[in-house]
Every structure is written in structure tokens, then in C-alpha cells.
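Biologist: I have the file open and want a quick tour. Can you put it on screen?

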Amino acid sequence: MKKLLAFLTLGFITIASLHAQDQKMNAFINALISKMTVDEKIGQLNLITPGSDIPTGSVVSTNVEKKIAEGNVGGLFGVIGTEKVKQAQDIAMQKSRLKIPLLFGSDVIHGHKTTFPIPLGISCSWDTALIRFGASVAANEATADGLNWAFSPMVDIARDPRWGRVSEGSGEDPFLGSAIASAMVKGYQGNSLADKNTLLACVKHFALYGAAEGGRDYNSVDMTKMKMYNEYLPPYKAAVDAGVATVMSSFNDVDGVPATGNKWLLTDLLRTQWGFKGMIVSDYTSLGEMVNHRQGNISEASIKAIKAGLDMDMVTEGYWGTLKKSLQEKMISITDIDRACRMVLEAKYKLGLFEDPYRYIDPTRAAKEVLSESNRVVARKIARESFVLLKHNNKTLPLKRATSIALVGPLANDKNNMLGTWAVSGDPQKSVPVMDGMKNVGGSSLNIRYAKGANITDDPNLARQANVFGLRVDIDKRSADEMLQEALSIARQSDVVVAVVGEASEMSGEAASRSDITLPASEQKLLQALYATGKPVVVVIMSGRPLVLTGSIEGAAAVLQTWHAGTEAGNAIADVLFGDVNPSGKLSMSFPYSVGQIPVYYSQKRTGRPIDPNNKFSTKYLDAPNEALFPFGYGLSYTNFVYSDLKLSSSSLSKSQSVDVEVILTNAGSLDGAEVVQLYVLDQVRSITPPEKELKGFQKLMLKAGESKTIKFTITESMLRFYNADLKHISEPGMFTVMVGGNSKDVLMKDVELK
Ligand code: NOJ
């Protein structure tokens, strides 16, 4: 009782003090707004980029200094480094009438200057504690470099690997995606936004951007509300529940209305249903793009957007150019503008910018934190946790240090592609190529020979498009045959071949959709020739998406999927190849057998005519399996994990009574290793057709060679809920199948009844 009272009092004090803080903030902002002219208010809604660094669209702003001085800018992005940030903040603080500090945003997507693996890779670690820690390290480095707003996490569920931006998210599953979304927000924002080493997170792209038709970037999206609520919206909601400070609207339309001007999405769902209290920013020119979406002219688009609840306009300058006139014409009211302005000012207040506009501008911190040795250690750890061992024959791995190695492939001694897409602040030249990593980890006596063997692609058109941000595809002066012969010659002289192939970093990411996602022909030819030597070939694949590997890896002794692994790529890859670290990544996105199967994902529904090889009239292809080549949740280890004795504590559960699920996991191999134990559930009879299985829990744990452990999950009634046809979040009594395993396909099963 005493404890309860103490708890209640504590809770009361916390709530009371929060309330007091809010009141203080409101009073401050009310006073400030009362001093602002309409132009100054609209100025706060203007987020622009001077384009001094990599722009992500074709538009950059002009006369930036004048605009800041006149109070026409709320924030900047694409300004990197404390010196440049200070120059801009000085203008706001010294020349603008009200001296309102600027926000400084950036695409801190997978680390800042210390670049972590691409987010799709990070998600394959299934290690939410590590992911949260990684985000906090990125926030620490970015804030030391002058920034206070990260345009991350990107949580768009993606089931079409043709879409280049699958690289930026956490794959196909809402449960895993939600866990990661929440971890990242907490990592970026820490305990308080006012701390010097935390920043505003920005969940994006709200909403459904990952479901673009045909996997073509910026394309239209159309889906039922049921699918939205059950499968696509949960990660955004998880970010909101984790307290994300800002939300970015997406380029696509949602239910026929562009997200940036969609009142149902931005106000009814996000603010009213979900209780989001922060600031909403558009994506890059997405406000102006409403004109192309046939929503009228820029002034009509701006009216729609502000009325829909969009607060800040990124780059279009549509608010800045039109809202005052619309106000005079009574098309909008001053309360619309005040609301949006308040949201921007609140974000600044929470960061502590009104107390100290230079809070994030400390060159001594920058010198200490940016690309520090300890940040590199974190990048290396995250990288090796993100690798997925897709194939492994005959104990080819780990490599013995005494073996002679032929290191072959266009990505084997390359710095330009290690960081992957969306590394706007990273310097590729600071990254570690595989060749260096092999020497660092393998030791000075390592017997290793290198040959490029092939270009990433010989297609000049693809190469040109991949080279927009600098040289990524370096087409060699030598002929393809000359390169191949050199590679074959060193392969014949060595005990084992390590072939590093895949995509250049800009072959995925924004505006990098591909209709053919096989390995480029040049690399396929190289691999086939290497297999023909009879030497064991370990294929290391770097890519920003699941590739179609059918036909390319059958001859391989082992295949390690490393994504684009970041600054420490080479060291991390060598750590795993030499067995200093046992790979433990599991796919967060299925690898299709062929492009024609897309979308292929584990949680598909059963049809009325389930696949039956003996029945022509069942759901299947004439020329391909229905299943992925490598399913969601899949990933091998150098050791061997065995699942046994699945048990339930009861044959039923109810609203008040949960059921425990236990399984024995044994490391039956001879090496220590980590495994991700996955829990799936199928609702056997349901008012709306259910997915065949849905992830409901996972645990990553380390097991010594020979060790067994009992793994326990608890299933509660709330875990069995779904959004029904009326969008009510309910469970329906009946039978459920509980499944546990090391991937989404190979599982042990037991039935349980929900009473
Ligand atoms: C466009 C991208 O869609 C978005 O993810 C990014 O944050 C902005 N550009 C700013 O660079």
C-alpha cells in the first residue's frame, strides 16, 4: 500500500511537473507569437536548403541570407559542419527582428559521418538494444556537428525490392518494423530533447510510401484501410507512441489524396486518433508536387496542406509565397497559420534553442566526437550483426588464416560504395575496403591476392545513373576478358576464392528503382567462371535491396549478404569471414526467387485455392515457385541451432489469462553463436482473411557450443487483436496456431484456443 501510494505520488509529481513545463512553454510561445507579424509566422514554416551539400531533389533556395535576416526561414537542411551552421545561426540571431533561432536538419539516416550499414542491413540484426544505441551514437555525432534534427527513422513497410528505397527501411514486417521504429526514436531523442547530444527524430514517410505501385519511386499507392491499419501503419504509430517529435509526409497519395494535403491522414488519424503533438513537415517539394497530383495551383495546394495539418513546407516555398494572400482572401484563417507556427516554435523550444541558440555549435565537441575511434567501433559492431549468411556448404567458413585467398570482384577493393545510399555526410574515402579489412584482421602473414575481375556493370547507362553523386561504377580501361583472365589466374593459385560483388551504392536508394534486380551480367559472368575453376567460392554480396540470386549462387560454397555496410565495412566483413564473429543476421525482407513473383513476403494470405502441385487450378506460377528463395527471418550461422519440445502452459487463453510458450533451443554445433528465436501466430478462422502467419515476438540470444536453453514467450489476448472491417481493434475467440522457429518457414507448431 505504502509502495502504491509512493508510486502514485511520484506519478502525480511527474505529471504535475510535466504540466508545469507545458504551461511554461505555452506562455513563452504565446508571448512570442503575439509579437510576430504574419510574414514572420509564415517564415517559420519555411524549411529550405541552400544546396551547399548534396541536394536530394532539383530545387535549392536562393537569397538564403536575406531570407533568414528578414525572418522568412524556420530552418535549414543540407548545411553540414559547425562552421557553416554557425554562420547561418548568426544571421538569424544578429539580423532578424525577433532573433528566433533556426532548426538545422539533415538526413542522418544510418549514422552521420561515421556511417553505419544501410537501415535494411541494420534491421537484419534484430537487435533493438543495439539499434537504439546506434541511433544515440548517431545523434551524439550529428549534434556535435551542429545538427538538431534527423530526418529518420524511415519506417515504410516495403515488400517490393524493385523499389530502391527498401534500403532505407526495416523491411516487410510491421511487428519488427515497429520495434525498430520505437528503438530508433528513443535512441535519437534520448531522455530529453534539451540534452546537447539528442535531437529531433522525424518518422517518415507518412504514409504508405513503401507501397508504390510497381516499385517505381514516387508512384501512386492504393490500398484498403484494413491493410493500412493492420500492416502498413503500425511502425509509424510505434514511433508516435515512442514520442517522436516530428513526422514527414510522403510523396504519394493515400486513398486518392496526396499525403501532404491529406486531412484524414495528418489530422484525423495522426493527431486526433493517435494523439501526435509534434510538428509535421512535408517531404522535399512534396507540397509543390500536389500541383502535379492535379490538386490545383500552388496556392490551392498550400491551402489544402495547411488545412490538412501540415506545419512546415520543405523546399517548395509554397507557404511562403502564397499563404499571406490566401489569408487576405479569407481562404484560410490566422488560426491555421498560428497552429503551424506554434508547432515549429515548440520544436525549437524543446531543443532548448531559445535558451541557447548555439547549443549544438561547439567545435571542440565536433573535433572529439565526429568519426571518433569509439564511433567506428560501434559501426563495426553494428555492421557484423547485420550480415546474413544465406548459404554455407562444407564448412568453407570461417576461413583459416593460413589459407591462400584470391580476393576477387569489383567491390573487393573499393571505397566508393562501402557507405551505401543516403550517406549525405559520410566521406567514402574514410571507409575501409574489404582488401584492407582482410589484411587488418587476417594478419601480416596473410597470403592474399587481389583482382578486380569485372566491372560492377558494363552498362554505360546504368553506370552514368549510379555515378550522380561521385564515382561509384568505375568502368575499367581493360577489356572484360583481360580482367576475367587475371581473376581466374589468381583463383587457380589460391585455396579459396572470396568474390565480392553486388550493386553500387546508388543503384538503390531514392529514385533508384530497378526492374531487373539480378546481379549485373558482368558479375554473373565472373562468378560462373570462378565456379568453373573448381575452387571453393565464397560470394560476398553488397546490395541495397534483396536481389534475385537464382542462377547466380548455385555454384557458390558460401554466400554472405553484407548490404552496404558503412565506414567499417571491410573490417566487419573480415571479422565474420575469419570467424572472429559468427554471423547471426536474419532477413527482414524476403529474397524473391524471381522478379515475376513480386510482391513475395512471408505473411501472405492463403487463397481460396491454396497451392497444390497436383491441381492445375490452384494458386501458382507455371514457371516459378510461390515461395521466396530466402524467406523472411532466414539466416544461417557457422554453428547449428536445433529447436525442440514446443510446449504451451495451457491449451487456451482468455482476456484475463495469458499462455506461456516454451521451446528448447540447442546449439548443436561446435562454435558459440547467436540466434534469433521467432514467434509467429495464425488466426485459424477470422472475420477478415488473415495472413498465414504474423510475427508476434522475437528474442536474440547467445548460446555456447553444445548449450541448450529454454526460451519463453507469453501470449496475451491483446497480441491476437487485429483491425476488423469496421477498423475496430479486436480479437475473435477461436483456434490459433502458435509457431516458433529460426525463420518464418521452418517452425514448430501448437494450437491454442482463445476463449
Ligand atoms: C527526399 C526524401 O524523400 C526524404 O527522405 C529526405 O529526408 C528529404 N528528401 C530531405 O533530404
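Predicted model: local features only at pLDDT ≥ 70, side-chain atom pairs only at ≥ 80, totals over all residues.

Biologist: What does the radius of gyration of the chain agree with?

Modeller: The chain has 27 Å, which agrees with a compact globule of 755 residues, where the value would be near 27 Å. That radius is taken over C-alpha atoms, and the globule rule is 2.2 Å times the number of residues to the power 0.38. The C-alpha atoms fill a box of roughly 75 × 70 × 60 Å along the principal axes.

Biologist: And what share of the residues count as buried?

Modeller: 60% of the 755 residues. Buried means under 20% relative accessible area, exposed over 50%, and partly exposed in between, with a 1.4 Å probe and protein chains only.

Biologist: How many helices and strands?

Modeller: The chain has 21 helices and 26 strands. Both are DSSP runs numbered from the N terminus: helices are H or I with at least four residues, strands are E with at least two.

Biologist: Which domains is the chain divided into?

Modeller: There is domain 1 (1-29), domain 2 (36-106 + 286-371), domain 3 (384-587) and domain 4 (641-754). The bounds come from an automatic or database domain assignment. Over C-alpha atoms, the centres of domain 1 and domain 3 are separated by 55 Å.

Biologist: Pockets next. What volume has the largest pocket?

Modeller: About 1200 Å³. A pocket, on a 1 Å grid over the protein atoms alone, is an open set of points where a 1.4 Å probe fits, with protein on both sides within 12 Å along at least five of seven lines; lining residues have an atom within 4 Å of a point. Grid points are joined across faces, edges and corners, and the volume is the space filled by probe spheres set on them.

Biologist: Which residues lie nearest its centre?

Modeller: Leu18, Gln21, Asp22, Leu193 and Lys350, out of 37 lining residues. Two or more lining residues come from each of helix H1 (2-35), helix H7 (174-189) and helix H14 (334-351), and H1 gives the largest share, seven residues. Domain 1 and domain 2 each contribute at least three.

Biologist: How does that lining divide by class?

Modeller: Into 18 nonpolar, 10 polar and nine charged residues. Ala, Val, Leu, Ile, Met, Phe, Trp, Tyr, Cys and Pro count as nonpolar, Asp, Glu, Lys and Arg as charged, and the others, Gly among them, as polar.

Biologist: What about the second largest pocket: what volume, and which residues lie nearest its centre?

Modeller: Its volume is about 850 Å³. Tyr602, Gln604, Asn626, Glu627 and Glu692 lie nearest the centre, among 28 lining residues. Strand S25 (734-741) and S26 each supply at least two of the lining residues.

Biologist: Which order do the strands have in the open sheet with S25 and S26?

Modeller: S18-S26-S25-S20-S21, five strands with mixed pairing. Strands S18 (652-653) and S21 (694-703) are the edges, each pairing on one side only. Two strands pair if DSSP finds at least two bridges between them.

Biologist: How do S25 and S26 pair?

Modeller: Antiparallel, over eight bridges, as a hairpin with five residues between the strands. Thr737 has Asp751 in S26 as its bridge partner.

Biologist: And S18 with S26, parallel or antiparallel?

Modeller: Parallel, joined by two bridges, with S26 covering residues 747-754. Ser652 is partnered by Glu753, and Leu653 by Leu754.

Definitions and conventions:
Residues numbered from 1 in each chain as written. Heavy atoms only, no water.
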